[in-house]
Amino acid sequence: STEHDKKEMKAVHERDLDNLLVKLSLKDDFYAGKIKCKYCKDTVTKDNIYSLIHESGAVNFVCSKSECIPEFMLHMESKKKDSKN
């Protein structure tokens with residue numbers, strides 16, 4: 001249901017974000033400003049992080065800019081379609 005999808009997209013809690021970054025071995029890079037948005041290439045911080053995407057062994061980050069969120073949504077839609085085929 002779409003209601004369920006919306007809930008999943010909500011921002012990650014700061015504590016959970018740190019745990020996730022540690023798991024991905026990206027915490028140092030993240031706080032050093034080395035993580036860039038997949039779409040606009042701006043630095044992703046805990047203040048502007050929108051989501052992250054696991055793709056073929058890599059993790060891409062998405063910032064909360066109004067032009068990046070729709071790109072991310074389109075990406076997730078196309079992934080859903082791919083997994084149904």
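Predicted model: local features only at pLDDT ≥ 70, side-chain atom pairs only at ≥ 80, totals over all residues.
User: Aspartate 42: buried, partly exposed or exposed?
Analyst: Aspartate 42 is partly exposed, because its relative accessibility is 33%. The cut-offs are under 20% relative accessible area for buried, over 50% for exposed, and partly exposed in between (1.4 Å probe, protein chains only).

User: Which residue forms a salt bridge with aspartate 42?
Analyst: Lysine 65 does, with the closest N and O atoms 2.7 Å apart. The pair links distant parts of the chain, 23 residues apart. Lysine 65 sits in the loop between β2 (58-63) and α4 (68-84), and aspartate 42 in the loop between α3 (27-31) and β1. Lysine 65 is partly exposed, because its relative accessibility is 31%. A salt bridge here is a side-chain nitrogen of Lys or Arg within 4 Å of a carboxyl oxygen of Asp or Glu. Helices (H or I, at least four residues) and strands (E, at least two) are DSSP runs, numbered from the N terminus.

User: How many salt bridges by that rule?
Analyst: Four. One of them joins lysine 34 and aspartate 29, at 3.8 Å between the closest N and O atoms. Lysine 34 counts as exposed because its relative accessible area is 56%. Aspartate 29 is at 30%, so it counts as partly exposed.

User: Where do lysine 80 and glutamate 77 lie?
Analyst: Both are in helix α4, three residues apart, about one turn of the helix.

User: Switching to the inside. Which residues touch the most other members of the largest nonpolar core?
Analyst: Leu21, Phe30, Ile35, Val44, Ile49, Phe61 and Val62, out of 16 residues. Such a core is a set of buried Ala, Val, Leu, Ile, Met, Phe, Trp, Tyr and Cys residues joined through side-chain atoms within 4.5 Å.

User: What gives the most to this core?
Analyst: β1, with four residues.

User: What does serine 51 touch?
Analyst: Asn60, Phe61, Val62 and Phe72, leaving out residues up to four places away in sequence. Contact means heavy atoms within 4.5 Å. Serine 51 lies in strand β1 (residues 49-55). Serine 51 counts as buried because its relative accessibility is 15%.

Note on methods:
Residues numbered from 1 in each chain as written. Heavy atoms only, no water.
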